[in-house]
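Here is a short briefing on side-chain packing and surface features. Please keep the sequence and the model open while reading.

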Amino acid sequence: MRAALALDWMRPRAFALGLAVALMVGLALRLAVIASPLGELDGDEAVVGLMARHIAFLGARPVFYYGQPYLGSLEAFSAAPLFRLLGSYTVLLKLVPTAYSLGFLALSAILAKRVFGTAPGLATAAYLAVPPSMWAVWSTKARGGYAELLFLGQALLLVSLMLAPKPSRRLALLWGILAGLAFWTHLLAIVYLLPAAIFLSLGRRAKWSLAELGLAAAGAVLGMGPLLFDNLTNGFQTLAALRQPPDLPIDQWAQLLRFFRVGVPVLLGLGQPTTSEAMFDQDWLQRPAGHLWIALLALLVIGAGLAVHARSVRGLVECGADRRSEPALLLLVALAVPPVVALTRFGFFVSEPRYALPLYGVVPLLVGALWRVSLPTAWHGWRLPWPDVTRWAVVAAVVAFKLLSLLATDPRLWRAEDTPNSTAATRTELVQYLVAGDRHQMYTDYWIGYPIMFETRETVLAYVISGGFNRYLPPADNVQRTPNPAWVFTPGTPPERVFLDDLARLGGAATVADVSVYRVYTDVQPLDAMKPAGLISAPARGTPP
């Protein structure tokens, strides 16, 4: 009796201690990623950094990520207090998604413990503490709200499990707030909202009070308040953006096939994420997923792990919400992600499947399947290790493989195809050269210009002529007005060839210099004819300190 009581007393503390260790390991790994070449600031992250600076020092209140009226600014608002207190630095910017990703880890472990038990909860924490390279790097990327979405989405799932069995006005209000915040942060939140709504509808049937429904609706309006207000006052620009045709033709079935052939193996750590088609083609066959049989085997194992929980869906439909049907909620999320991602305009990004990141939220299902499957205790007369030891050995092997895959990743594949050698160090050399010549404005690539604007605290400004577009107009307007801009390229790239063709066609001239990994053109004549057509009319804003 005493032994049983002692075991009951130790289990909650064992989980808390194990989770704390996982969080420390996860933090250490992410700090190592930030300090490594994998932690280089990219153009999209720099935009979030600029937004946070404008919030902290100029009193700006952007509702959306600059240039994308469907991606909320929660990440920028989260970074702004750090910038205000400590200054605007890349490390501080990256600590924001890092913190949200660790919150996601904790919530996933708690959810797994609730549904499957203490050991699966700790195994889930171990998996997410040392995740595949896709999430290890993206959990530190301030790309507008991906880590925040996973945190809010997992919190929504956990609250859904708590709300389904019994009425609770407080939980209904919290559910609505989380749903609204998640939807404002990223419209991809639909992969959480629909499964949660279906689970609650089937779990509670018609046993909802008007008070609960009203509080849930009020919370949702409150959570997505910035999105609603901005659309009501600015002509529903979110809807207008979503109605825009895709940049590339969509072959939905081909995208779905590529999602499973490439996207899922990348998420598992069997392939290296990259947005560069050329580098992807060179690297893919060197990775485990480059072998078709390995990718198929991985998909088969994942499918078998999910199939273990198929009965929970039947239980949810027939009997409503109880502990046995709780895995159905995660299974619904797993089923929602592939069609939402692969059959829309987002399906093109399968080699860097950031829109499929919510699939990491269903890791508890796979861990739970490992603990639910009965393992033999003997084989051909040989006594096998205890089942739990075998299970933990599997978890350890998976974690070790993920760590090795992360160590084997090539940082250049994470960078834009035309600027693979642009780093904080090379940009510093470029800025020193420009400033020494009293030049503070340049025409350049998106993946060069925006990081420089953030790193120089907007003392050097950029107009984007390749690799993207001018998300924030005031600096582009400033560049258009200056009498001595520079043109900066990665040598030998198509944008430089276009520039030289235009210069030759106009019979112009320029001074050229190779600076670090860049080619810089100054004293360009005829200047007005070489500038991009038209001036941007947005008024220039002040520069924060």
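**Surface and helix α1**

Valine 21 is partly exposed, at 41% relative accessible area (buried is under 20%, exposed over 50%, partly exposed in between; 1.4 Å probe, protein chains only). The model is predicted: local features need pLDDT of at least 70, side-chain atom pairs count only at pLDDT 80 or more, and totals for chains, interfaces and linings use all residues. Residues are numbered from 1 along each chain as its sequence is written, and side-chain values use heavy atoms, without hydrogens or water.

- Valine 21 belongs to helix α1, residues 2-35 (helices are DSSP runs of H or I, at least four residues, numbered from the N terminus).
- Leu17, Val21, Met24 and Val25 make a nonpolar surface patch of about 380 Å².
- Patch residues have over 30% relative accessible area and no salt bridge, and nonpolar side chains (Val, Leu, Ile, Met, Phe, Trp, Tyr) are joined within 5 Å.
- A salt bridge is a side-chain nitrogen of Lys or Arg within 4 Å of a carboxyl oxygen of Asp or Glu.
- Areas come from the Shrake-Rupley method with a 1.4 Å probe.

**Around valine 395**

- Valine 395 sits in helix α19, residues 387-407.
- Valine 395 is buried, at 11% relative accessible area.
- Beyond its neighbours within four places in sequence, valine 395 contacts Ala123, Ala126, Leu370 and Trp371 (contact means heavy atoms within 4.5 Å).
- Valine 367 is 28 residues from valine 395 in sequence, and their C-alpha atoms are 8.5 Å apart.

**Aromatic pairs**

- The structure has 18 aromatic pairs (ring centres of Phe, Tyr and Trp, the latter by its six-membered ring, within 6.5 Å; planes under 30 degrees apart are stacked, over 60 edge-to-face, the rest tilted).
- Tryptophan 371 and tryptophan 392 pair edge-to-face, because their ring centres are 5.4 Å apart and their planes stand at 80°.
- Tryptophan 371 is in helix α18 (residues 363-372) and tryptophan 392 in helix α19, so the pair ties together parts 21 residues apart in sequence.
- Tryptophan 371 counts as buried at 15% relative accessibility, while tryptophan 392 counts as partly exposed at 32%.
- Tyrosine 446 and tyrosine 450 form a tilted pair, 5.1 Å centre to centre with 50° between the planes.
- Tyrosine 446 and tyrosine 450 are both buried.
- One aromatic cluster is formed by Tyr443, Tyr463, Trp487, Phe489, Phe499 and Tyr521.

**Charges over rings**

- Arginine 204 lies over the face of tryptophan 208, 3.9 Å from the ring centre (CZ of Arg or NZ of Lys within 6 Å of the ring centre and within 35 degrees of the ring normal).
- Lysine 402 places its charged end over the ring of tyrosine 127, 3.3 Å from the centre.

Technical notes
Patch = residues over 30% accessible without salt bridge, like charges linked within 9 Å, V, L, I, M, F, W, Y side chains within 5 Å. Helix = DSSP H or I, 4+ residues; strand = E, 2+ residues; numbered from the N terminus.
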